[in-house]
Amino acid sequence: MEQPVQTEMWKAQSLEELIRILHRIFAEDKVSVEEVQALMESYESNPEEWLQYAKFDQYRYTRNLVDSGNGKFNLMILCWGEGHGSSIHDHTDSHCFMKILQGNLKETLFEWPEKKGNGEMIKKSERVLRENQCAYINDSIGLHRVENISHTETAVSLHLYSPPFDSCNTFDQRTGHKHKVKMTFYSEFGERTH
Amino acid sequence: LPAGLSQWFPALEVLDVSGTGLAELGAELLALPHLHTLLAKNNRLGGPGSLPKGLGQAALGRSLRVLNLSGNRFLEMPPSLFGLRGLRSLSLGGNRLHSIPPDIQELCSLEFLYLGGNFITSIPPELANLPSLSYLVLCDNKIQSIPPQLAQLHSLRSLSLHNNLLTYLPREILNLVHLEELSLRGNPLVVRFVRDLTYNPPSLLELAGRTIKTRNVAYAPSDLPENLVRYLSLASNCPNPKCGGVYFDSCVRQIKFVDFCGKYRLPLMHYLCSPECSSPCSSASQSSTSQSESDSEDEASVAARRMQKVLLG
């Protein structure tokens with residue numbers, strides 16, 4: 001992604017409009033990270049618009065596909081129950097945007113482990129993302145763990161990945177060892193997958 | 001809560017009084033025979049009388065299926081809670097609990113138990129008597145060890161233990177057949193193999209007792225002083241299922257590391273009759289521990305296939 005020729009700041013008034021603008025942006029050859037992040041942040045979360053995609057699972061967080069972006073990106077909604085968290089993972093050379101639609105999520109950034117990693121992974125930073133904030137990460141920035149640390153509130157987040165990917169590596173915090181995993185969708189376009 | 005609640009809304013099924021500052025849930029609730037879900041999180045509940053007396057005998061006691069008391073001020077689980085024999089889901093996350101009472105086993109229908117974010121230091125073995133428990137959350141507490149009885153929770157699908165004070169796990173954890181999710185991050189799990197250096201060698205009395213038991217040396221009560229007859233009756237079988245040995249007072253806690261498909265090494269606690277205990281065990285067990293290690297690894301790879309996601313990292 002490189003700087004766009006013109007700097008236009010979009011404002012998405014609804015989830016539908018957000019998706020429409022994303023399609024338009026990604027139809028171009030060059031897409032700006034800042035533009036997408038600003039667009040995602042501009043959308044003010046309205047649960048009525050995304051409740052149909054927000055399917056929670058009792059045991060772990062869920063990934064619910066919203067739009068497959070003509071193959072250029074995947075847009076999905078993740079639902080986090082109380083205490084649900086992800087493992088430390090990478091993003092398979094893709095761009096990852098994460099916007100909070102409800103609740104809060106803690107993001108902990110980690111350094112890539114050494115090639116022959118056999119020690120505790122190094123924490124770079126951590127922060128708590130609030131409603132409507134949008135974070136960005138890619139493999140050159142590092143690895144992260146995302147978790148809902150609340151014991152009383154659920155959390156919902158909107159993720160955009162470009163290009164789309166269905167596998168990534170998870171990392172053992174104590175040793176840096178990695179393990180490839182396949183990612184699946186709990187639901188697609190509002191319908192439960194099985 | 002308004003006094004006429006059960007008269008105005010006799011058909012009430014779901015009541016959400018979360019975030020209303022309530023300091024107690026009163027008797028007005030008791031006469032709601034259809035209420036199955038009560039959400040009262042983020043209030044000021046926790047003092048005596050937070051829950052109405054006679055909960056177990058009331059209509060509510062039979063109908064209630066889901067109770068959410070997270071984000072309150074409970075220092076201990078209120079005793080009237082245990083009358084809710086039909087309760088399927090209980091959340092007391094983000095309170096101030098220091099322990100789980102053995103009475104927890106009274107909640108015989110419980111499937112979902114959320115106790116994350118408290119100050120719990122230990123788990124009572126009675127928790128294992130909940131036959132339908134499938135989701136157990138104990139993250140963000142101060143738990144130092146897991147009782148091996150927890151392996152009796154055959155229905156357990158998800159166990160959340162992250163951010164506690166665990167240094168090892170009991171080997172019985174491998175028996176949890178349906179466990180698919182296990183979170184262990186943020187525990188001071190012992191990474192390198194640690195030999196228990198505080199093993200006290202058995203006394204001559206113990207060694208003699210072991211020999212008599214394992215070699216089936218015959219004796220009659222008249223052959224020995226009464227105290228020795230009593231001592232011999234206290235022999236315990238070595239917990240290693242493949243070992244036929246016995247021990248009296250002296251057993252070794254040994255931490256064995258079990259690879260889950262070579263990706264993670266979980267420290268599991270073995271109790272053995274001696275540091276040389278392996279399988280098969282004989283009185284002259286000179287064989288190395290490699291046999292029992294590889295047995296553990298076989299068990300582990302079977303468990304790993306069942307356990308789809310170990311969130312250790």
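How many helices and strands does chain B have? Chain B has five helices and 14 strands. Keep in mind as you browse these views that the model is predicted.

**View 1. Chain B as a whole.** This view takes in chain B, with its five helices and 14 strands. Of the 313 residues in chain B, 48% are buried. Contacts in chain B with a separation of 6 or more include 45% that link residues 24 or more positions apart.

**View 2. An open sheet in chain A.** Here you can follow seven strands of chain A in the order 7-4-9-2-1-12-13, forming an open sheet with mixed pairing. At the edges stand strand 7 (134-137) and strand 13 (191-192) of chain A; each has a single partner strand, so one side of each is left without a neighbour in the sheet. Within the sheet, strand 2 and strand 9 of chain A are antiparallel and share seven bridges. To find your place along this pair, look for C79(A), which sits opposite V156(A) of strand 9.

**View 3. Strand 1 of chain A and its two partners.** Let's move to strand 1 (residues 62-67) of chain A. Six of its six residues are buried, so this strand is largely enclosed by the rest of the structure. Strand 2 (residues 74-80) of chain A runs antiparallel to strand 1, and five bridges join the two. A handy landmark in this pair is N64(A), which faces I77(A) of strand 2. Strand 1 also pairs with strand 12 (residues 187-188) of chain A, this time in the parallel sense and over two bridges. There, L65(A) has E188(A) of strand 12 as its bridge partner.

**View 4. The hairpin between strands 1 and 2 of chain A.** Six residues lie between the strands of this hairpin. Look here for G69(A), which takes a positive phi near 45°.

View 5. S162(A) belongs to strand 9 (residues 155-162) of chain A. Is this serine buried or exposed? The relative accessibility of S162(A) is 8%, under the 20% limit, so S162(A) counts as buried. Its side chain reaches the backbone oxygen of K72(A) at 2.9 Å. Leaving aside residues up to four places away in sequence, S162(A) touches F26(A), K72(A), F73(A), S94(A) and H95(A).

View 6. The size of an interface is often given as the accessible area lost when the parts come together. For chain A and chain B, the area buried between them is about 2,100 Å², with 45% of it on carbon and sulfur atoms. On the chain A side, Y59(A), H151(A) and R174(A) lose the most area to chain B, together 37% of what that side buries. The contact involves 22 residues from chain A and 30 residues from chain B.

**View 7. Polar contacts and salt bridges across the interface.** Between chain A and chain B, 13 residue pairs are in polar contact. The interface also has three salt bridges. One of them joins the side chains of R60(A) and E181(B), with an N to O distance of 3.4 Å. On the side of chain A that touches chain B, the elements giving two or more residues are strand 8 (143-147) and strand 10 (167-171).

Note on methods
Residues numbered from 1 in each chain as written. Chains lettered and ligands numbered in written order. Predicted model: local features only at pLDDT ≥ 70, side-chain atom pairs only at ≥ 80, totals over all residues. Heavy atoms only, no water. Helix = DSSP H or I, 4+ residues; strand = E, 2+ residues; numbered from the N terminus. Buried < 20%, exposed > 50% of the residue type's maximum accessible area, 1.4 Å probe, protein only. Polar contact = N/O pair within 3.5 Å; in protein donor to acceptor, adjacent residues only side chain to side chain. Contact = heavy atoms within 4.5 Å. Pairing = 2+ DSSP bridges. Buried area = accessible area lost by both parts, 1.4 Å probe. Salt bridge = Lys/Arg side-chain N within 4 Å of Asp/Glu carboxyl O.
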